[in-house]
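Colleague: I have a new model open and want to learn to read it. Can we go through it feature by feature?

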Amino acid sequence: LCYIKGSAVAKFYQERFCRRLSRLRWRRCRRNCSQPALPSMHFSFIDSYLYGPTDDDDGIPWFVGEDWIGGEFVKWVGNKGYINQSADASTTQLFEAFAHFSFQESGGSIMVTDLQGVSKHAEDIPTSKASSFLLTDPQILSLDKQFGRGDLGVFGMTHFFQKHTCNPICQALLLHSVTSG
């Protein structure tokens, strides 16, 4: 159940992040100011499902599944401080900013990591002018390690901030710089 709970938490913060980023883009466009444009990218997490026995047979374990997603799989941010330096910089910055955002929005109690999935470019989505990403299998880091074995808690958060450099998205969202020692 940790996985289902983690997916729900990731979706909650993803919706808040994308809404805030969208409002910032709109305000900057409306003001027609000289501030640098924010990337026009969107992402979402694939739905996950809990499966179990249809009768009272306790011998059959429950398991979690997701729909299969095609495309080139990329990990942008890991749960132990990994930040993909070889992927497109603006995409990596988006996901770094999202991890940072989830940390700040939660008051430092959680961080959404293991940001990985596939890109669905604008040419694949006729109604879109932006890149879109479909993510899978997020890992939540929490102070009390309540999200399963991959929840490395403060250790994972500290390693993220040791490698993360705030970028224009972090700055536009007014995210506080976090130093870790």
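Colleague: Start with a strand. Which residue in β7 does serine 119 stand opposite?

Modeller: Keep in mind that this is a predicted model. The general idea comes first: strands of a sheet pair through backbone hydrogen bonds, either parallel or antiparallel. Here, serine 119 stands opposite phenylalanine 133 in β7. Strand β6 (residues 115-120) and β7 run antiparallel, joined by five bridges.

Colleague: What is the order of the strands in that open sheet?

Modeller: The order is β1-β7-β6-β4. That makes four strands, with mixed pairing. The edges are β1 and β4 (74-77). Each has a single partner strand, so one side of each has no neighbour in the sheet. On average, neighbouring strands are turned by 40 degrees against each other, direction ignored.

Colleague: Which strands does α2 touch?

Modeller: Helix α2 packs on the sheet and touches β1, β4, β6 and β7. The direction of α2 makes about 55 degrees with that of β1.

Colleague: Now the whole protein. How many helices and strands are there?

Modeller: Four helices and eight strands. Along the sequence, the pattern reads α-β-β-β-β-α-β-β-β-β-α-α. Of the 181 residues, 44% are buried. Look at contacts between residues at least 6 apart in sequence: 65% of them join residues at least 24 apart.

Colleague: On to the rings. How many aromatic pairs are there?

Modeller: Two rings count as a pair if their centres lie within 6.5 Å. By this rule there are 14 aromatic pairs. One of them joins phenylalanine 17 and phenylalanine 43. Their centres are 5.9 Å apart, with 50 degrees between the planes, and the pair is tilted. Phenylalanine 17 is in helix α1 (residues 2-31), while phenylalanine 43 is in strand β1 (residues 41-45).

Colleague: What kind of pair do phenylalanine 95 and phenylalanine 133 form?

Modeller: An edge-to-face pair, 5.6 Å centre to centre and 80 degrees between the planes. Phenylalanine 95 is buried, at 0% relative accessibility. Phenylalanine 133 is buried at 3%.

Colleague: Which residues do ring pairs link into a cluster?

Modeller: Phe17, Phe43, Phe45, Trp76, Phe95, Phe98, Phe101 and Phe133.

Colleague: And charges on rings: which ring does the charged end of lysine 5 sit over?

Modeller: The ring of phenylalanine 147, with the charged end 5.1 Å from its centre.

Colleague: Back to α2. What is histidine 100 in contact with, leaving aside neighbours within four places in sequence?

Modeller: Histidine 100 is in helix α2. Its relative accessible area is 0%, so histidine 100 is buried. Its contacts beyond those neighbours are Phe160, Phe161, His164, Cys166, Cys170, Leu175, His176 and Val178.

Colleague: Last, confidence. Where is the pLDDT below 50?

Modeller: The protein averages a pLDDT of 85, and 83% of the residues score at least 70. Over residues 122-129 the pLDDT is below 50. Beyond near neighbours in sequence, that stretch has six contacts in the model.

Notes
Residues are numbered from 1 along each chain as its sequence is written. This is a predicted model: local features need pLDDT of at least 70, side-chain atom pairs count only at pLDDT 80 or more; totals for chains, interfaces and linings use all residues. Side-chain values use heavy atoms; hydrogens and water are left out. Rings of Phe, Tyr and Trp (its six-membered ring) pair if their centres lie within 6.5 Å; planes under 30 degrees apart count as stacked, over 60 as edge-to-face and the rest as tilted. Helices (H or I, at least four residues) and strands (E, at least two) are DSSP runs, numbered from the N terminus. Buried means under 20% relative accessible area, exposed over 50%, partly exposed in between (1.4 Å probe, protein chains only). A charge sits over a ring if NZ of Lys or CZ of Arg is within 6 Å of the ring centre and within 35 degrees of the ring normal. pLDDT is the predictor's confidence in each residue, from 0 to 100. Contact means heavy atoms within 4.5 Å. Two strands pair if DSSP finds at least two bridges between them. Axes are lines fitted to C-alpha atoms, for helices over the stretch in contact, and angles run from 0 to 180 degrees between N-to-C directions.
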